[in-house]
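Student: I have just opened this structure and would like to learn how to read it. Could you take me through a few features?

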Amino acid sequence: MKQQLQRLQEEFIASLATIDSEASLKQLESDYLGKKGKLKAILAGVKDLSIEDKKTVGVAANEMKKDFMIKLANKAWEIELAAFAQVESDEAIDVTIGYPSENLGHKHPISHTTELLEDIFISLGFKIEDGPQVEDELHNFDKLNIPHNHPARDVWDTFWISDDVNKNKDIWERLLLRTHTSPVQIRTMMSQELPIKIIVPGRVFRYEQEDARHTCNFYQLEGLVVGEGVTFGDLKWTLDTVMKQLLGEKTELRFRPSIFPFTEPSAEVDVSCQICNWSGEAKGKKCSMCSWTGWVELLGSGMVHPTVLEWCGIDSKKYSGFAFWMGIDRIAAQRFGVSSSRMFYQNKLKLNEQF
Ligand code: DAH
């Protein structure tokens with residue numbers, strides 16, 4: 001009988017290993033431990049054994065029953081865990097998956113214009129540079145030949161970082177919101193090998209009265225080329241090529257003498273107004289974009305001042321350079337026929353969604 005029990009145990013363990021569902025587990029339990037189960041059937045023969053054998057077989061059978069019950073309970077737990085894992089994987093939500101949307105949004109006209117300008121400049125061999133928006137006085141002014149207390153500083157109405165931050169700093173270390181992208185000229189000349197050929201698109205800030213053409217934060221694109229034999233002719237060709245590519249072959253440029261502390265000679269550059277088609281009139285009215293002159297001032301430029309080159313460690317007898325600036329907002333307004341670039345900052349989806 002002991003051998004029978006031994007075989008039963010082996011058989012039970014082998015069957016248990018194949019079980020993978022609650023229903024078949026229940027069936028196994030009743031096959032072995034039920035009223036008409038295999039264990040009961042074996043124990044039916046106990047009555048014919050000697051008293052001694054009855055005792056040992058009875059104890060062994062009870063132990064086996066307990067062992068079967070523990071094994072069945074463990075298996076039941078295993079099956080439950082597997083079921084949980086299955087539900088978990090079946091019902092998992094993949095948060096990375098995309099969902100179809102009709103309103104995907106689109107680029108802001110200023111980003112669109114910036115990227116277009118970048119593409120044009122890259123095709124001409126320029127590299128794109130970047131610089132901090134919170135700038136120090138040295139790079140924003142002093143190194144650009146705009147010394148402390150010089151009246152030229154008034155041109156760049158400045159947002160200074162609070163006194164708490166600036167009060168313990170030396171004059172040239174004081175922090176401000178950069179008033180132009182020109183400080184990146186300095187940073188690049190001081191850190192890079194010649195020849196230099198870069199553009200710097202970026203956001204700038206001015207403490208300014210807002211009107212159709214002025215906002216207190218706006219976007220500029222700075223350009224700088226420094227090397228041997230760089231001339232004003234190169235500057236004119238570059239700006240003419242870029243503007244024609246951007247606004248069309250018929251675009252005209254007008255260079256007017258001007259003064260910037262960091263360029264000599266300097267020129268402001270007007271572009272034939274795209275809103276009124278160079279006529280000064282739009283839809284029978286005086287064109288407000290160009291103040292009915294037919295020209296809009298979109299660019300500033302000049303030959304890098306020798307003093308600025310020297311302050312950046314560049315031999316001004318051997319090397320020369322040109323620099324320029326473009327108003328990205330104004331260019332975007334010209335491209336898209338918007339009469340006031342201030343509208344780009346008013347979060348008007350009705351306006352932005354048209355482009
Ligand atoms: N940084 C000047 C401004 O914001 C504009 C400017 C003029 C930049 C002439 C230049 C330049 O690089 O050559 O008013």
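Tutor: We will go through helix packing, the nonpolar cores and some backbone details.

Tutor: This is a predicted model, so local features need pLDDT of at least 70 and side-chain atom pairs count only at pLDDT 80 or more, while totals for chains, interfaces and linings use all residues. Residues are numbered from 1 along each chain as its sequence is written, and side-chain values use heavy atoms, with hydrogens and water left out.

Student: At what angle do the axes of α1 and α2 cross?

Tutor: Helices (H or I, at least four residues) and strands (E, at least two) are DSSP runs, numbered from the N terminus. Axes are lines fitted to C-alpha atoms, for helices over the stretch in contact, and angles run from 0 to 180 degrees between N-to-C directions. Here, helix α1 (residues 2-18) and helix α2 (residues 22-33) have axes that cross at roughly 170° and come within 11 Å. Angles under 35 degrees count as roughly parallel, over 145 as roughly antiparallel, 65 to 115 as roughly perpendicular and the rest as oblique. The two helices, α1 and α2, are therefore roughly antiparallel to each other.

Student: Which residues make the contact?

Tutor: Contact means heavy atoms within 4.5 Å. From α1 come L8, E11, F12, S15 and L16, and from α2 come L25, L28 and Y32. For classes, Ala, Val, Leu, Ile, Met, Phe, Trp, Tyr, Cys and Pro count as nonpolar, Asp, Glu, Lys and Arg as charged, and the others, Gly among them, as polar. The contact of α1 with α2 has six nonpolar, one polar and one charged residues.

Student: How do α5 and α9 pack?

Tutor: Their axes are 10 Å apart, at an angle of about 130°, which means α5 is oblique to α9. On the α5 side, the contact is made by L116, L117, I120 and F121, and on the α9 side by T238, V242, Q245 and L246. By class, the contact of α5 with α9 has six nonpolar, two polar and no charged residues.

Student: Which residues touch the most other members of the largest nonpolar core?

Tutor: A nonpolar core is a set of buried Ala, Val, Leu, Ile, Met, Phe, Trp, Tyr and Cys residues joined through side-chain atoms within 4.5 Å. Buried means under 20% relative accessible area, exposed over 50%, and partly exposed in between (1.4 Å probe, protein chains only). In the largest core, with 38 residues, L117, F121, M243, F324 and M326 touch the most other members. Elements that each supply at least two residues include α5 (109-123), α9 (232-247) and β11 (320-327). The largest share, six residues, comes from α9. A second, separate core of 22 residues includes I198, F260, V304 and C312.

Student: What should I look for along the backbone?

Tutor: Most residues other than glycine have a negative phi, and most peptide bonds are trans. In this model, the peptide bond from L194 to P195 is cis, with omega near -5°, and P195 lies in the loop between α8 (183-191) and β4 (196-205). The bond from E264 to P265 is also cis, with omega near -5°, and P265 lies in strand β7.

Student: Is N149 buried or exposed?

Tutor: N149 counts as exposed, at 68% relative accessibility. Although not a glycine, N149 has a positive phi of about 70°. W292 has a positive phi too, near 45°, and counts as exposed at 52% relative accessibility.
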